[in-house]
Amino acid sequence: KIMLHASIHSRTPIHGILLGQRSSDSEAATQITDAIPVCHSHPTKPIIDMALRFVQVYCDDLDGLEIIGWYTANERLGDDSPSPIAWKVMNSIHKAAKLQNHDLSSDTILVMVHSKSFESMLKKEYPTPDEDTNVNGYGFEVYKSHDKKYLPEEITCKNGDDWSEISAKVSDICLADSVKLYDFEGHLDGGDEGLKERDWLRNGQVAKLV
């Protein structure tokens, strides 16, 4: 959903919420299991607050899922540094999680779409392990806090799946004109009909594909 959101709105910034499972063990990996698209413009505080509230209610109805972070992409090609807005939202999510769980030791995460890596993924050009390249082949970077500094985190696939096979499927979905994905902004812009039909929380058509 993250990469499809970025490909549909390739000329604007995108933002969204990450769902998954935290661990009380600081050494354990945080698992991302879903992404909820929020907007394809510079988000305002009311949009962010409303989206987070709706998603929290959505998570309350699901067993074991919680808000674990934020994802974003910038509008300019080559601008691969998280914006101040993205860092601010990420910190707010982490503070809210700490209030709900005082034993929380695993950090909130930020996923940043990396334009050159994303382009390589869409073209199905994956760097080999011995290549000297800054492109990781995933299409994005994951950041977590380490000693009050945010550093890139190692990315692993669940159950040891081959990322080249996964990203090839993602590329096909992103390049398919028939696949629709709605974010919260698009849901609101759709009027009365859009509020009913544009299911930004589940995005059922995409969920069936992945």
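1. Aspartate 107 has a relative accessible area of 17%, so it counts as buried. Buried means under 20% relative accessible area, exposed over 50%, and partly exposed in between (1.4 Å probe, protein chains only). Aspartate 107 sits in the loop between α3 (84-100) and β4. Helices (H or I, at least four residues) and strands (E, at least two) are DSSP runs, numbered from the N terminus. From aspartate 107 to isoleucine 68 the C-alpha to C-alpha distance is 8.3 Å, with the two 39 residues apart in sequence.

2. On the basis of the numbers: this is a predicted model, where local features need pLDDT of at least 70 and side-chain atom pairs count only at pLDDT 80 or more, while totals for chains, interfaces and linings use all residues. Residues are numbered from 1 along each chain as its sequence is written, and side-chain values use heavy atoms, leaving out hydrogens and water.

3. Strand β3 covers residues 66-73. Seven of its eight residues are buried, so the rest of the structure largely encloses β3.

4. β3 pairs with strand β1 (residues 14-21) through seven bridges, and the two run antiparallel. Two strands pair if DSSP finds at least two bridges between them. Leucine 19 stands opposite isoleucine 67 in β3.

5. β3 also pairs with strand β4 (residues 109-113). Four bridges join β3 to β4, and these strands run parallel. Here tyrosine 71 stands opposite valine 111 in β4.

6. Cysteine 59 is buried, at 2% relative accessibility. Cysteine 174 is buried as well, at 12%.
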